[in-house]
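Trainee: Hello! Could you walk me through this structure, one piece at a time?

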Amino acid sequence: MSIFSNSEVQLFFFFFLIGIPGLENVHVWLSIPICLMYLAAIMGNSTILFIIKTEPSLHKPMYYFLAMLAISDLGLSFSSPTMLRIFLFNVMGISPNACFAQEFFIRGFGVMESSVLLVMFLDLFLAIHNPLRYSSLLTSKRVAKMGLILATRSIFLVLPFPFTLRRLKYCQKNLLSHSFCLHQDIIKLAHSDNKSNVIYGFFVALCTMQDLALIVVSCMLILKTVLSIASLAERLKALNTCVSHICTVFVFYVPIITLSAMHHFADHKGPLIVVLIADIFLLLPPMNPIVYCVKT
């Protein structure tokens with residue numbers, strides 16, 4: 001079996017991505033709905049950012065957090081051009097450096113979105129639990145600091161990935177199982193010891209699951225606060241606001257958890273199911289702010 005070192009990888013080696021197994025003949029037709037979803041996500045999130053920026057009445061913490069969510073979703077959309085390239089032009093190859101960079105941006109914006117969703121739930125809890133002090137607790141300056149902290153956290157959490165992946169040696173088998181570069185997928189092709197990559201990848205996944213656990217705790221606190229409200233109309237209004245947040249959490253976390261579980265625990269997984277879930281992971285979350293705005 002041929003093994004490529006770091007320098008050889010840069011000169012001769014390419015990873016090959018895949019579209020949807022068994023449907024290669026209709027990739028061009030499948031590219032139409034995919035392109036429409038990309039266009040809707042990019043235009044929708046860009047419109048949200050423009051409206052929040054230009055409308056003074058929306059310069060509030062809730063909408064600032066929504067803008068952060070839109071930025072992270074735009075990042076996810078722009079981080080996955082390989083999907084369009086595969087379905088439109090049947091171009092499968094990607095250089096290792098480009099693959100590692102794509103993995104960095106997808107993972108980074110994913111971590112950022114997870115953090116933003118957590119902060120949005122905390123914002124909702126404060127608004128319901130202590131509405132009189134809400135404005136004084138969440139000032140514009142504090143929201144800006146929180147956004148900077150979330151972005152910094154996301155960058156530093158995923159920054160080691162491209163460098164640790166470059167240090168690995170890869171076998172001649174270079175076919176990945178998705179239409180974009182995924183960390184779990186890449187390290188399976190490594191011939192050298194990848195234990196540190198697996199451990200650190202598990203640590204980052206735990207950080208994301210910690211966000212989800214805190215979101216669940218926030219939901220329970222919100223529900224407890226809502227049930228203590230005397231007015232039925234106010235209860236329904238508060239619960240209606242929660243629905244939008246819960247929908248965004250389901251759309252983001254369900255594909256991630258399902259995909260991770262399939263990569264780690266499913267020994268007889270069908271490639272078609274795994275590919276479809278991975279594509280959903282990239283296509284659906286960027287629609288989150290649009291769904292949120294429509295519901296709100």
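This is a predicted model: local features need pLDDT of at least 70, side-chain atom pairs count only at pLDDT 80 or more; totals for chains, interfaces and linings use all residues.

Trainee: Is Ser31 buried or exposed?
Mentor: Buried means under 20% relative accessible area, exposed over 50%, and partly exposed in between, with a 1.4 Å probe and protein chains only. The relative accessible area of Ser31 is 2%, so this residue is buried.

Trainee: Which residues does Ser31 touch, not counting residues up to four places away in sequence?
Mentor: Contact means heavy atoms within 4.5 Å. By that rule, and with residues up to four places away in sequence not counted, Ser31 touches Phe87 and Leu88.

Trainee: How is Asn90 placed, buried or exposed?
Mentor: Asn90 is found in the loop between H4 and strand E3 (93–94). Most residues other than glycine have a negative phi. Asn90 is not a glycine, yet has a positive phi of about 60°. Its relative accessibility is 52%, so Asn90 counts as exposed.

Trainee: Which residues is Thr82 in contact with, leaving aside its neighbours within four places in sequence?
Mentor: Thr82 has its place in helix H4. With 5% relative accessibility, Thr82 counts as buried. Leaving aside neighbours within four places in sequence, its contacts are Leu17, Ile94, Gln102, Ser179 and Phe180.

Trainee: Which residues touch the most other members of the largest nonpolar core?
Mentor: A nonpolar core is a set of buried Ala, Val, Leu, Ile, Met, Phe, Trp, Tyr and Cys residues joined through side-chain atoms within 4.5 Å. The largest one here has 52 residues, and those touching the most other members are Met83, Phe180 and Ile222.

Trainee: Which element gives the largest share of this core?
Mentor: Several elements give two or more residues to the core, including helix H3 (61–78), helix H10 (195–227) and helix H11 (232–265). The largest share is eleven residues, and the element that gives it is H5.

Trainee: At roughly what angle do the axes of H5 and H7 cross?
Mentor: Axes are lines fitted to C-alpha atoms, for helices over the stretch in contact, and angles run from 0 to 180 degrees between N-to-C directions. Helix H5 covers residues 96–129 and helix H7 covers residues 140–158. Their axes come within 9 Å and cross at roughly 145°.

Trainee: How are H7 and H10 oriented to each other, roughly parallel or roughly antiparallel?
Mentor: The axes of H7 and H10 are 10 Å apart, at an angle of about 155°. Angles under 35 degrees count as roughly parallel, over 145 as roughly antiparallel, 65 to 115 as roughly perpendicular and the rest as oblique. H7 and H10 are therefore roughly antiparallel.

Trainee: Which residues in H10 meet Arg153, Phe156 and Leu157 in H7?
Mentor: Let's look at the partners on the other helix. Across from those three residues of H7, the H10 residues are Tyr200, Phe203, Val204, Cys207 and Asp211.

Notes: Residues are numbered from 1 along each chain as its sequence is written. Side-chain values use heavy atoms; hydrogens and water are left out. Helices (H or I, at least four residues) and strands (E, at least two) are DSSP runs, numbered from the N terminus.
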